[in-house]
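Subject: Handover of the structure

Dear colleague,

Please read the notes with the model open beside them.

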Amino acid sequence: MNKPRLYSAALLLTPAIFCHASLAQEEASPNIGAVEIYMCSYAEGKDAADLGKVVNKWNGWMDKNVATPYSAWTLTPVITGSYFEADIGWLGAYQNGSDMGKVTQSWISEGGDLQAAFDSVIPCDNHSAYSSVNYKAPDGEGWPGKNGSSSVTVFSDCTVAEGKTLEDIHAVHTAWAEHLTARGSKAGFWTFLPAYGADTINGHYKVVVGYPSYEDWGNDHNDYTNGGGWRKGRELSEGVIQCDSPRVYHTTLQRNGGVVAN
């Protein structure tokens with residue numbers, strides 16, 4: 001649902017994260033992806049079945065009119081407290097900013113009828129965009145999988161300590177990604193840095209972790225708590241960043257448009 005107001009979403013110290021290109025080598029420039037996030041609520045009398053009908057039409061329109069890679073997921077709250085006030089979120093991912101511009105131009109120019117169809121089911125008043133950096137690609141071949149497949153995504157908002165730089169943040173997340181890999185985690189791990197419209201973020205940036213299943217999420221949580229991961233997390237982050245309580249979302253792939261984590 002690439003909408004004109006458009007967008008796409010935890011913690012370094014928790015077992016769940018999602019994003020775009022590795023910054024592991026100091027001499028290498030990161031591949032900066034672009035993501036957008038919509039916060040939506042169902043219109044009166046509408047539900048997931050109604051949204052599915054619109055998404056099917058949208059996928060057909062995208063196949064016919066847009067060759068540029070764009071992948072999208074819906075996010076349904078599972079463990080969020082009162083943080084998530086909408087019924088559903090829409091996360092869209094582009095390989096880079098140029099692709100974001102191309103897809104958005106096509107949608108604004110030619111997608112009016114479908115835009116109205118989306119609005120009739122899930123009006124979205126909150127739309128923000130972020131630059132994404134991937135520190136650990138998700139486990140599993142064919143990611144992000146087939147349309148309709150589900151996974152788990154965890155988000156946290158993180159605050160940077162005074163005097164610390166992007167290089168300091170990068171070093172923390174790089175080391176945590178290496179820790180996850182060494183422990184056999186299947187998570188994908190990203191940071192989302194605010195770009196446009198992110199005026200309600202409760203921190204400086206987001207940490208996003210994606211899992212192929214709830215079992216994998218639970219395994220990482222157990223490794224973090226009973227396996228001593230919290231000690232490593234505290235060692236790396238203390239005095240550099242502080243992240244709030246992570247939120248957990250059931251994540252359904254709505255379009256596999258060829259965007260990759262690398």
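A disulfide is taken here as a pair of cysteine sulfur atoms within 2.5 Å. This is a predicted model, in which local features need pLDDT of at least 70 and side-chain atom pairs count only at pLDDT 80 or more, whereas totals for chains, interfaces and linings use all residues. Residues are numbered from 1 along each chain as its sequence is written, and side-chain values use heavy atoms, with hydrogens and water left out.

By that rule there are two disulfides, and, with the bonded cysteines of the chain numbered in sequence order, they pair as 1-2, 3-4.

Cysteine 158 and cysteine 243 are joined with their sulfur atoms 2.0 Å apart, and this link is right-handed, with 105° about the S-S bond. Because cysteine 158 lies in strand β5 (residues 150–160) and cysteine 243 in strand β8 (residues 241–243), the pair ties together parts that are 85 residues apart in sequence; strands here are DSSP runs (E, at least two residues), numbered from the N terminus. Cysteine 158 is buried, at a relative accessible area of 0%, and cysteine 243 also counts as buried, at 17%, where buried means under 20% relative accessible area (1.4 Å probe, protein chains only).

The other disulfide joins cysteine 40 to cysteine 124, with an S to S distance of 2.0 Å, and is right-handed, with 95° about the S-S bond. Cysteine 40 belongs to strand β1 (residues 33–40) and cysteine 124 to strand β4 (residues 124–136), so this pair ties together parts 84 residues apart in sequence. Cysteine 40 is buried, with a relative accessible area of 1%, and cysteine 124 is buried at 1% relative accessibility.

Best regards

Methods:
Helix = DSSP H or I, 4+ residues; strand = E, 2+ residues; numbered from the N terminus. Buried < 20%, exposed > 50% of the residue type's maximum accessible area, 1.4 Å probe, protein only.
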